[in-house]
Amino acid sequence: MAQLDTRAKLAILADAAKYDASCASSGTSKRTSADRKGLGSTTGNGICHAYAPDGRCISLLKILLTNSCIFDCHYCINRKSSNVRRARFTPAEVVDLTLNFYRRNYIEGLFLSSGIIRSSNYTMEQMVEVARSLREDHHFRGYIHLKTIPDADPELIHQAGLHADRLSINVELPTIAGLKRLAPEKSAPQIEGAMLGMRSAIEDGADARKRYRSAPKFAPAGQSTQMIVGADAATDGDIIGRAAGLYDRFGLRRVYYSAFSPIPDASAVLPLQRPPLMREHRLYQSDWLMRFYDYRPDEVAQAVDPGTGMLPLDIDPKLAWALRFRDRFPVDLNRAPREALLRVPGLGTKAVASILAARKWRRLRLEDVARLTVSLAKIRPFIVTADWRPVALTDKADLRAWIAPKKEQLELFAA
Ligand code: SF4
């Protein structure tokens, strides 16, 4: 490997990391520095949390330790057979970069992933050393997210959890068949075994902290994972089912969905085109329904088209579900339980909380709802208030066409 300076390495290794979506700093708690020797904080002055519309965090230094890899996953630009320029940081270089960027207030933390060099254990040791040095040598209190390697020694994963706020292991593909075909050197049981071990360690760590304040933190922001969307034949129904199983079995904080991007010198087994970005967006919306709107996974799956197994692209999954189950509407905002209110298209969780609080004192009218939603016109077919009942509108055969965003709006989003 030719000698590169730090700037050149950074250009290569930050670019190589952009394909990983799983780096939001939500859910972390502040690491305090009682002795005031600590550096940084995820909530201190001058540090802003910047999120892209799909929830990606953009204020972390997001890099790979190296983009060299002994594996050959078809979808990955860093795979062994890929013809890309390679670079590698030493742990000390990553520590220096993180501290320098942090001091300049460019970042609030570090997201570190890596290709696998020599062996999984060797690579994991290097990543753990970065986190250890930041925390112990430099008293760094910013956010650290480490991508872990499923078959690394559990003791190394444990060390990673003692220093990092969040750990993640990518399941990569939504189905086991997809993983076998596109990442033949990876093993679904191994990935799931590592996620299960991480769940136990996180729960044990949290229990210990409840009993003894001095117990060490273990990955206090939990674990997350990422699935690539559109690289294999998995439908949205498959992806929703897989995500629901992951939340349930491994207690994940987040599942991230990353639309497959065609890569240079792509393997012949990959599709030539990326899926529409709107597909990724609709999957994030379906994920929100499970995490914040109390939809059961089988209910979210009812939003997919039974013929194709895909979520509609022109309307969001909540509206798709409501149109499919028109008999559940209109919902009386003055009487319905929270669960029914959460299913009304156009009502968010805060709006539902406001309705529940306000109706203790008075009967809600349409003008009250107008203050809680972006479009009163679009919510009216689904609700009843003290002064409104949508007799004619619920029967409108073209309700979907009337409510769905216009084609130009969708194109604007795609652009
Ligand atoms: S192990 Fe990771 S870095 Fe290596 S080829 Fe597979 S996805 Fe890419």
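A: A helix here is a DSSP run of H or I with at least four residues, numbered from the N terminus, and under that definition Arg 324 has its place in helix 10. Please keep in mind that this is a predicted model.

Q: How many helices and strands does the chain come to?
A: The secondary structure of the chain comes to 16 helices and 8 strands. The chain has 415 residues, of which 51% are buried, and among the contacts with a separation of 6 or more, 69% are between residues 24 or more positions apart.

Q: What is Arg 324 in contact with, leaving aside neighbours within four places in sequence?
A: With those neighbours left aside, Arg 324 is in contact with Gln 302, Val 304 and Pro 306. The C-alpha atom of Arg 324 is also separated by 7.5 Å from that of Ala 303, which is 21 residues apart from it along the chain.

Q: And the rest of helix 10, which residues are buried there?
A: Helix 10 runs over residues 317-324 and is mostly covered, with 7 of its 8 residues buried. The buried ones are Pro 317, Lys 318, Leu 319, Ala 320, Trp 321, Ala 322 and Leu 323.

Q: What covers the buried residues of helix 10?
A: The cover includes helix 8 (277-292) and helix 9 (297-301), together with helix 11 (338-342) and helix 15 (399-403).

Q: Switching topic, where does the ligand sit?
A: The ligand sits in the second largest pocket, which holds about 750 Å³ of space. That pocket is lined by 40 residues, and those closest to its centre are Tyr 75, Cys 76, Asn 170, Glu 172 and Lys 186. The elements that give two or more residues to this lining are helix 1 (6-17), helix 6 (188-211), strand 2 (109-113), strand 5 (223-229) and strand 6 (254-259).

Q: What classes do the residues of that lining divide into?
A: The lining of the second largest pocket divides into 21 nonpolar, 12 polar and 7 charged residues.

Q: Which residues are around the ligand itself?
A: Around the ligand are Cys 69, Phe 71, Cys 73, Cys 76, Arg 79, Gly 115 and Lys 186, and by class this shell has 4 nonpolar, 1 polar and 2 charged residues.

Q: How many cavities of 30 Å³ or more does a search of the whole structure find?
A: The search finds 1 cavity of that size, and the largest cavity has a volume of about 40 Å³. Its lining consists of Val 171, Leu 173, Thr 175, Ile 176, Leu 179, Ala 188, Ile 191 and Arg 242, with helix 5 (176-182) and helix 6 each supplying at least two of the lining residues. By class, the lining of the largest cavity has 6 nonpolar, 1 polar and 1 charged residues.

Q: What does Ile 379 touch, not counting residues up to four places away in sequence?
A: On that count Ile 379 touches Val 344, Pro 345, Gly 346, Leu 347, Val 369 and Thr 373. Of these, Gly 346 is 33 residues apart from Ile 379 along the chain, and the C-alpha atoms of the two are separated by 5.8 Å.

Methods: Residues are numbered from 1 along each chain as its sequence is written. This is a predicted model: local features need pLDDT of at least 70, side-chain atom pairs count only at pLDDT 80 or more; totals for chains, interfaces and linings use all residues. Side-chain values use heavy atoms; hydrogens and water are left out. A residue is near a molecule or strand if one of its heavy atoms lies within 4 Å of it. On a 1 Å grid over the protein atoms alone, a cavity is a set of points where a 1.4 Å probe fits but cannot get out, and a pocket is an open set with protein on both sides within 12 Å along at least five of seven lines; lining residues have an atom within 4 Å of a point. A molecule sits in a cavity or pocket if more than half of its atoms lie within 2 Å of its grid points. Ala, Val, Leu, Ile, Met, Phe, Trp, Tyr, Cys and Pro count as nonpolar, Asp, Glu, Lys and Arg as charged, and the others, Gly among them, as polar. Contact means heavy atoms within 4.5 Å. Grid points are joined across faces, edges and corners, and a volume is the space filled by probe spheres set on the points. Buried means under 20% relative accessible area, exposed over 50%, partly exposed in between (1.4 Å probe, protein chains only).
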